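Subject: A structure for you to look at

Hi there,

Have a look at it first, and then read on.

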Amino acid sequence: MDKLLIEGGSKLNGTMRASGAKNSALPILASSLLLEGKLSLSNVPHLKDVTTMIEVLGSMGAEISLDDDMNFEINTSNLNNHIARYELVKTMRASVLVLGPLLAKFGQAEVALPGGCAIGSRPVNLHLESMKKLGAEVVTEGGYIKAKAVNGLKGAEILFDTISVTGTENVLMAAVLAEGKTIIKNAAREPEVSDLIECLCQMGARISGAGTKELLIEGVQELNPTSFKIIPDRIETATYLTAVAMTGGNITIKDSRPDTMESVLDKLREAGAEITTESDSINLKMDSSLKSVDISTAPYPLFPTDMQAQFISLNTIAKGQAKVVETIFENRFMHVQELIRMGGDISLAGNTAIINGNSDALHSAPVMATDLRASASLVLAGLVAKGVTKIDRIYHIDRGYERIEEKLNALGAKIERVSG
Ligand code: EPU
């Protein structure tokens, strides 16, 4: 199993490019099931989760080709089954995103129920209830979601009592081919949801309200082939900016979308970073001492849960006491015990972490990655810790960060990937 060895203490300087967004690529890949013909995608990140989604589509008969520049072409003209198998779904919960498109296109779907998860129980009840509202019969049997809509899906009004990103995406993909109008109330407003909407509209779907809490979908008979470029990954970008806020230095991230990252940029400024933006690039300079920042996670446009772990790392070496509240997932603090092993002064009470920062707090230790963003927080801690930090189980990080050690080493970090 691969590990990362990180020698802490180097400032990070230079220019890099943001990769395409994982959480946009996954639903957009799933949306290819709705088409008759080919979907061409560019800026797809080279990540384990993307490979898993490709395998899920391939297992249903989709033909996928890829050129040297990572441009994908997915042809779903010859699909031969509507089953997302447990062996694939268990490795990635986002596989549930094929439920809506399969039901819309074929009137039936079998998708393995995703199992446990390191960050919380993460049920899929909202996905299932919404499919029922659209007229599907849904049962869970033998570890599978079995859904049928013999006479096709019918538009409906769907109110989410909890905002759900992939829940909203599944309903969107089901409703675009349903008969009549669907209204989604309390929809997720994440930029990745808007990216999916843009792609679906390019295929001929009729959706209005992108970026707001209420989405109106008017069903159409069929969708057409198109080419689409995935938006830049705001969480990857924010993770690298946070790294430089911690190590000190000067970084420019090109091909990024600062307009989708305001809550995080505000917090990095509050921590002492100097940030300037252009429409597609961000520069961060850090040459003052780091100040602690309180955060509370919430759906977009507020502070993302996917940056909570990285900000706990930042707070371990910042001046002052910080309070970090996690409101989205009930168990997303697995990184805290590992950061404590590296010297962080962190205490947990319910969904709140209290961090007493100290610029010399972190020292190296062997630590273990437990989920994607937790792994990122350990990499950031390793970049500033004294000595060489060894991070085990880094397959978690390869699910969501493209060539992380290459990108950081190009900025001056000292990271080595070793196997065994
Ligand atoms: N929820 C339910 N029932 C449901 C669905 C969700 O109770 O049927 C609850 C969840 O348990 C959670 C809350 O609703 O408490 C919000 O979860 P959401 O459904 O929005 O999460 P998700 O769609 O499963 C996506 C991202 C996550 C990100 C969350 C929150 C993708 C593929 N995944 O997950 O990304 O943390 O939204 O923003 O888009 C990551 O990239 O590391 C990651 C975990």
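**Glu214 and its surroundings**

Leaving aside residues up to four places away in sequence, Glu214 touches Ile183, Ile184, Lys185, Ser208 and Gly209, where a contact means heavy atoms within 4.5 Å. Glu214 belongs to strand S13 (residues 214–218); strands here are DSSP runs of E with at least two residues, helices are runs of H or I with at least four, and both are numbered from the N terminus. With a relative accessible area of 43%, Glu214 is partly exposed. On that scale buried means under 20%, exposed means over 50%, and partly exposed is what lies in between, using a 1.4 Å probe and protein chains only. Glu214 and Ile158 are 56 residues apart along the chain, and their C-alpha atoms are separated by 9.9 Å.

Before you go further, please keep in mind that this is a predicted model, in which local features need pLDDT of at least 70 and side-chain atom pairs count only at pLDDT 80 or more, while totals for chains, interfaces and linings use all residues. Residues are numbered from 1 along each chain as its sequence is written, and side-chain values use heavy atoms, with hydrogens and water left out.

**The chain as a whole**

The protein chain has 14 helices and 24 strands. Its C-alpha trace spans about 65 × 45 × 45 Å along the principal axes. Of the 420 residues, 57% count as buried. Among contacts between residues at least 6 apart in sequence, 73% join residues at least 24 apart.

**Two helix pairs**

How do H5 and H6 cross? The axes of helix H5 (residues 125–133) and helix H6 (residues 165–175) come within 9 Å and cross at roughly 25 degrees. That makes H5 roughly parallel to H6. Axes are lines fitted to C-alpha atoms, for helices over the stretch in contact, and angles run from 0 to 180 degrees between N-to-C directions. Angles under 35 degrees count as roughly parallel, over 145 as roughly antiparallel, 65 to 115 as roughly perpendicular and the rest as oblique.

On the H5 side, His127, Ser130 and Met131 meet Thr166, Gly167, Asn170, Val171 and Ala174 of H6. The residues of this contact divide into three nonpolar, five polar and no charged. The classes are as follows: Ala, Val, Leu, Ile, Met, Phe, Trp, Tyr, Cys and Pro are nonpolar, Asp, Glu, Lys and Arg are charged, and the others, Gly among them, are polar.

The buried residues of H5 are Leu126, His127, Leu128, Ser130 and Met131. Their cover includes helix H4 (99–106), strands S8 (137–141), S9 (144–148) and S10 (157–159), and H6. After H5 comes Gly135, with a positive phi near 105 degrees.

In the second pair, helix H8 (residues 234–247) and H10 pack at an angle of about 5 degrees, with their axes 10 Å apart. H8 and H10 are therefore roughly parallel to each other. Ile235, Thr239, Thr242, Ala245 and Met246 in H8 meet Gln310, Phe311, Ser313 and Leu314 in H10.

**Loops and backbone**

Which peptide bond is cis? The bond from Tyr300 to Pro301 is, with omega near 15 degrees. Pro301 sits in the loop between strand S18 (295–296) and helix H10 (308–316). Asp306 is found in that loop between S18 and H10 too. Asp306 counts as buried at 16% relative accessibility, and, not counting residues up to four places away in sequence, Asp306 touches Asn23, Ile235, Arg332 and Arg373.

Asn43 is not a glycine, yet has a positive phi of about 60 degrees. Asn43 lies in the loop between strand S3 (38–42) and helix H2 (48–59) and is buried, with a relative accessible area of 14%. Arg393, also not a glycine, has a positive phi of about 60 degrees. Arg393 is in the loop between strand S23 (388–392) and helix H13 (395–398), and at 35% relative accessibility counts as partly exposed.

Enjoy exploring!

Best wishes
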